[in-house]
Amino acid sequence: MNKRELNHLYTFRSIRPDEGYQAAEIERICFPPQEACTQERMLKRVSAAPELFLTAEEKSTGRLAGFLNGIATDEEVFRDEFFTDIQLHNPKGRNVMLLGLDVLPQHRGQGLASMLMEQYLGKEQRKGRKKIFLTCLPDKVKMYEKMGFKDHGLADSSWGGEQWHEMSCTINE
């Protein structure tokens, strides 16, 4: 699907405070239990850093189809504590650590994840952020490379008992 079609079907915006439970449910569907953000942590993220969420709301239903979320920091290496400690969020941080890209199964395969990422990168670039970091499983490396990320190899992260790749995208020099 092209951008125009996606913009016709979805509204891209920040998360609203009342959507934390919906985001937690989407996370539960999209990730295995040992990797998914708990409902409690998701609600804390929504409360502490709503500006670092970007949602795709399906216009026909008013429900979230997917979202991206992260926390801002001056750090440049992804660590597991970013997933669990919202106190590490520094609203003025020059970088963003992406904590999740979630798209419900019925909305996949049409470019929604790419559109969320493209809009997220643009939004954070306009804020003056320097880099966006993420970790992903090996089978997602190529997808993120197509979105502009560089693979740095295996990360120190062992979140959920998995081997992750650390990737970054420079959005401002």
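## Crossing of helix 2 and helix 3

In this predicted model, helix 2 and helix 3 cross with a right-handed sense. Helix 3 spans residues 39-48, and its axis lies 9 Å from that of helix 2, the two packing at an angle of about 130 degrees. Because angles over 145 degrees count as roughly antiparallel and those from 65 to 115 as roughly perpendicular, the two helices are described as oblique to each other.

On the side of helix 2, the contact is made by Gly-20, Tyr-21, Ala-23, Ala-24 and Glu-27, and on the side of helix 3 by Gln-39, Met-42, Leu-43 and Val-46. Sorted by class, the residues of this contact comprise 6 nonpolar, 2 polar and 1 charged.

## The largest pocket

The largest pocket holds about 690 Å³ of space. Its lining consists of 35 residues, among which Phe-31, Leu-101, Lys-140, Met-143 and Tyr-144 are the closest to the centre of the pocket.

Two or more lining residues are given by each of helix 2 (20-30), strand 4 (95-103), helix 5 (112-126), strand 5 (131-136) and helix 6 (141-146). Strand 4 supplies the largest share, with 6 residues.

Terms used:
Residues numbered from 1 in each chain as written. Predicted model: local features only at pLDDT ≥ 70, side-chain atom pairs only at ≥ 80, totals over all residues. Heavy atoms only, no water. 1 Å grid on protein atoms, 1.4 Å probe; cavity = no way out; pocket = protein on both sides within 12 Å on 5 of 7 lines; lining within 4 Å. Points joined across faces, edges and corners; volume = space filled by probe spheres on them. Helix = DSSP H or I, 4+ residues; strand = E, 2+ residues; numbered from the N terminus. Axes fitted to C-alpha atoms, helices over the stretch in contact; angles between N-to-C directions. Parallel < 35°, antiparallel > 145°, perpendicular 65-115°, else oblique. Left-handed = near helix turned anticlockwise from the far one by under 90°. Contact = heavy atoms within 4.5 Å. Nonpolar A, V, L, I, M, F, W, Y, C, P; charged D, E, K, R; others polar.
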